[in-house]
Amino acid sequence: MSDDFSGLDRVVSTLFPSSQHQLCITHMVRNLMRVLPDKEELMIRVRDLKSSRNVEEGRKAILSLSQLVQPFSPARAKRLLDAADKYCAFLNFPREVRHYLYTNNTSESFNSTLARFEEELGGYFPSLRSLEVYLYVSIHGSNSRWKFRPMWVIRHYSYHLKQLHASRFQVSLDEDF
């Protein structure tokens with residue numbers, strides 16, 4: 001899951017060759033709102049994408065979005081089509097967990113918390129050590145919340161997700177990931 005930064009796709013495919021790279025739909029919508037006069041039509045088509053039953057339906061929704069964008073920004077319309085599989089990767093997972101996969105707002109929330117802490121310190125971290133301590137405490141707190149109180153949907157589908165993981169990365173279900 002990421003924003004659509006130049007070169008990031010190459011890095012992801014190099015470091016994680018068997019993974020699926022999901023581009024953030026929330027950021028796609030924000031970017032498209034800047035160029036489209038009809039926000040309501042944009043949201044209808046995005047809902048179609050999010051509610052697609054499978055990747056093929058998702059690609060059709062991306063095509064529809066691209067056609068909406070074409071008159072206002074041909075380059076963005078082409079980019080949507082070129083990245084259709086990356087906007088539809090979440091559709092390869094159980095419907096119940098997809099909502100957690102098509103946006104990277106969770107990581108952005110963490111980053112904004114880090115930015116607020118930096119601002120409270122006067123715009124910078126006084127030392128590398130203070131940054132390390134803050135990151136450790138924040139990550140440890142997040143991990144503890146997820147480990148001891150995971151989202152019920154993720155917990156409910158954990159076996160299915162582990163099977164998908166084992167199949168894609170050709171590992172046994174016994175291996176911890």
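Student: Is leucine 91 buried or exposed?
Tutor: Leucine 91 is buried, with a relative accessible area of 5%. Buried means under 20% relative accessible area, exposed over 50% and partly exposed in between, using a 1.4 Å probe and protein chains only.

Student: Before we go on, what should I keep in mind about the model?
Tutor: This is a predicted model, where local features need pLDDT of at least 70 and side-chain atom pairs count only at pLDDT 80 or more, while totals for chains, interfaces and linings use all residues. Residues are numbered from 1 along each chain as its sequence is written, and side-chain values use heavy atoms, with hydrogens and water left out.

Student: Where does leucine 91 lie?
Tutor: Leucine 91 is in the loop between helix 6 (84-87) and helix 7 (105-120). Helices here are DSSP runs of H or I with at least four residues, strands are E runs of at least two, and both are numbered from the N terminus.

Student: And which residues does leucine 91 touch?
Tutor: Not counting residues up to four places away in sequence, leucine 91 touches Leu49, Ser52, Asn54, Val55, Gly58 and Arg98. Contact means heavy atoms within 4.5 Å.

Student: Switching topic, how many helices and strands does the chain have?
Tutor: The chain has 10 helices and 0 strands. Of its 177 residues, 28% count as buried.

Student: How do helix 4 and helix 5 pack?
Tutor: Helix 4 (residues 55-69) and helix 5 (residues 74-82) pack at an angle of about 170°, with their axes 8 Å apart. That makes helix 4 roughly antiparallel to helix 5, a label for angles over 145 degrees; under 35 counts as roughly parallel, 65 to 115 as roughly perpendicular and the rest as oblique. The axes are lines fitted to C-alpha atoms, for helices over the stretch in contact, and angles run from 0 to 180 degrees between N-to-C directions.

Student: Which residues make that contact?
Tutor: Helix 4 brings Ile62, Leu63, Leu65, Ser66 and Val69, and helix 5 brings Arg76, Ala77, Leu80 and Leu81.

Student: What about helix 2 and helix 3, how do they pack?
Tutor: Helix 2 (residues 25-33) and helix 3 (residues 39-50) have axes 11 Å apart and an angle of about 160°. So helix 2 is roughly antiparallel to helix 3. On the helix 2 side, the contact residues include Met28 and Leu32, and among those of helix 3 are Leu42 and Val46.
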